[in-house]
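Dear colleague,

I am passing on a structure for you to look through, and my notes follow below it.

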Amino acid sequence: MRVACAIVGGGLSGLHAASLLHRRGVDCCLLEARQRLGGRILSVQGDGADARFDLGPAWFWPDMQPRLRQLVDELGLAAFEQQTRGAILVERFKLEAPQRYERGFNTEPRSMRLQGGMQALVDALAATLPSSRIHCNAPVSAIRETPEGGLELTGPQGECWAIAERVILALPPRLVSRMTFSPPVPEPVARWCENTPTWMAGQAKCLAVYGEPFWTAKGFSGTASSFVGPMMEIHDASLPQGQPALFGFMGLSPAARQALGEAALKEAALAQLARLFGPEALTPVAVHLLDWAQQPETATRADWEPPMGHPAYGVPAPFESLWSGRLVLSGTETAPGQGGYLEGALEAAEAATSRF
Ligand SMILES: Cc1cc2nc3c(=O)[nH]c(=O)nc-3n(C[C@H](O)[C@H](O)[C@H](O)COP(=O)(O)OP(=O)(O)OC[C@H]3O[C@@H](n4cnc5c(N)ncnc54)[C@H](O)[C@@H]3O)c2cc1C
């Protein structure tokens, strides 16, 4: 396949870049390693077509994120507020009952969720592209300049996915550092890629779906923080059409999670929800656990040591365009404004495609 632009990575950044280029009439293709699109965005199905729970990102903040607000509007998606009404709980010590604070917890600006989960954004963006231009199960492991001047993108078995005039790398820089480039990219670029942490890649989310919202009946918001674990931060994840759910971010390290195993982790998470909200938590309709640290298309071993705080993201200016502008680094970690967030993924896509 010969194209003007090949985009590597079918997460939000790659999808947005492909959609922008397609709208401008640029012949492009999207190469995605996984069987599915979305990357760090992944929503699991509840009961009903539009009923989806997020195991990756769930929140956005329209007042601070103009690109995402505009895209959600353009794609005709509906947003709703994160539920925070009711008391919050803080679990400080193992042998002490959790403390209840009646005032609740409101972030300002309010966190918003998408009807249909963040997956709705992925599906709507993918629908703007011809399906013949989207290739899943197409991991790119090498990019080389051919004697004829094209850029050839190949897979681990040497499969040729595409020959392009330009390439946008819409994936975490740490994963770019695993690719082979011929001619090689300058050493400082390779080092920068390797040293740039992938935001949230070391995290894991556990989500429990219930028949009844037993915590709201007791005046709880579903928000809790814990120094006991295994989850350190818990929130309501119920769907607006009525399926109640709670989710939490795991506080255990990736290594501790791996040692414990999925079944024991889920059991410990449910036991914690029961300590906090009552014994009804032990009988969910479904439990989902997604350990992003175990996903090779997102995390490397270096991501098992998460950064202290939110890194200052953005590509150093000399690395912005490589190979005379034909190879461009993109993905949320390259965005100087809101790198790490969904908004950063859009910001990076806009910057990468602005050069066309
Ligand atoms: C648990 C969790 C919670 C989060 N919560 C929030 C939140 O509430 N709000 C928010 O704004 N952000 C949140 N984030 C961050 C948000 O998910 C990211 O900012 C965003 O999804 C990044 O999009 P991206 O396209 O830049 O990268 P990715 O989504 O990582 O996409 C990269 C794509 O490249 C593919 N790929 C990898 N290697 C190759 C290869 N060799 N060849 C081809 N394709 C390849 C991957 O499979 C993937 O699809 C969260 C992340 C996680 C993990």
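Strands here are DSSP E runs of at least two residues and helices are H or I runs of at least four, numbered from the N terminus.

Please bear in mind that this is a predicted model, in which local features need pLDDT of at least 70 and side-chain atom pairs count only at pLDDT 80 or more, while totals for chains, interfaces and linings use all residues. Residues are numbered from 1 along each chain as its sequence is written.

Strand β6 (residues 87-91) runs parallel to β15 and is joined to it by four bridges, with V90 opposite S225; two strands pair if DSSP finds at least two bridges between them. Strand β16 (residues 231-236) pairs with β15 in the antiparallel sense over two bridges, and there S225 stands opposite E233. Four residues lie between the strands in the hairpin of β15 and β16, where G229 takes a positive phi near 90 degrees.

Turning to the ligand, G9, G11, S13, G39 and P57 come nearest of the 39 residues around it (near means a C-beta atom, placed from the backbone, within 6 Å). The elements giving two or more residues to this shell are α1 (12-23) and α9 (342-353). Because domain 1 (1-41 + 118-198 + 310-356) and domain 2 (44-63 + 81-115 + 202-297) both give residues to the shell, the ligand lies between them; the bounds come from an automatic or database domain assignment.

Best wishes
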